[in-house]
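Please read this briefing alongside the sequence and the coordinates.

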Amino acid sequence: MDILTGVLDAWKSAVDAHEPGRVAELFTDDAIFQGLHPYSVGRAGVSAYYDSQPLGMTADYRIVESRRLADDVVLGYAAVDFGFRDRPTLPVHLSVVVRRVGDAWLIAHYQVSRL
């Protein structure tokens with residue numbers, strides 16, 4: 001399994017389980033996070049964002065492109081479909097920068113857009 005798939009699989013699992021604290025643990029302490037609401041910096045903002053999402057929301061992703069920028073940095077671009085129980089699926093584009101911190105790979109930058 002490649003680095004980006006491992007990180008996004010863990011992110012998907014935590015999102016699907018509606019565990020905002022576990023989602024936030026996948027981000028660096030100083031991560032720049034831009035969901036579909038105003039941006040935040042750090043894990044607390046990530047946790048608050050996912051805590052505000054409705055129960056039953058799921059994330060299905062497909063990696064479109066990825067690049068290893070350095071030994072400890074990976075850039076990724078993915079198509080993500082956020083599914084909901086009570087409304088249509090929301091397709092978005094996700095760009096991430098994943099960085100190795102110790103033995104872990106964490107998300108340092110996350111930006112979602114609707115193109």
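Arginine 87 lies over the face of phenylalanine 84, at 4.2 Å from the ring centre, where a charge sits over a ring if NZ of Lys or CZ of Arg is within 6 Å of the ring centre and within 35 degrees of the ring normal. This is a predicted model, in which local features need pLDDT of at least 70 and side-chain atom pairs count only at pLDDT 80 or more, while totals for chains, interfaces and linings use all residues. Residues are numbered from 1 along each chain as its sequence is written, and side-chain values use heavy atoms, with hydrogens and water left out.

**Aromatic pairs**

- Eight aromatic pairs are found in a search of the whole structure; rings of Phe, Tyr and Trp (its six-membered ring) pair if their centres lie within 6.5 Å, and planes under 30 degrees apart count as stacked, over 60 as edge-to-face and the rest as tilted.
- The rings of tryptophan 11 and phenylalanine 82 have centres 6.1 Å apart and planes at 80°, so this pair is edge-to-face.
- The pair links distant parts of the chain, with tryptophan 11 in helix 1 (residues 3–16) and phenylalanine 82 in strand 4, 71 residues apart; helices (H or I, at least four residues) and strands (E, at least two) are DSSP runs, numbered from the N terminus.
- Tryptophan 11 counts as buried at 0% relative accessibility, and phenylalanine 82 counts as buried at 7%, where buried means under 20% relative accessible area, exposed over 50% and partly exposed in between (1.4 Å probe, protein chains only).
- Tyrosine 49 and tyrosine 50 form an edge-to-face pair, 5.3 Å centre to centre with 85° between the planes, and both residues are buried.
- One aromatic cluster is formed by Trp11, Phe27, Phe33, Tyr49, Tyr50, Phe82 and Tyr110.

**Strand pairing**

- Strand 3 (residues 58–70) and strand 4 (residues 73–83) run antiparallel and are joined by eleven bridges, where two strands pair if DSSP finds at least two bridges between them.
- A hairpin joins strand 3 to strand 4 through two residues, and threonine 58 has glycine 83 in strand 4 as its bridge partner.
- Strand 4 also pairs with strand 5 (residues 90–101) in the antiparallel sense over ten bridges, and a hairpin of six residues joins strand 4 to strand 5.
- Strand 1 (residues 27–34) runs parallel to strand 6, with four bridges, and antiparallel to strand 2 (residues 40–41), with two bridges.
- Isoleucine 32 stands opposite histidine 109 in strand 6 and opposite valine 41 in strand 2.
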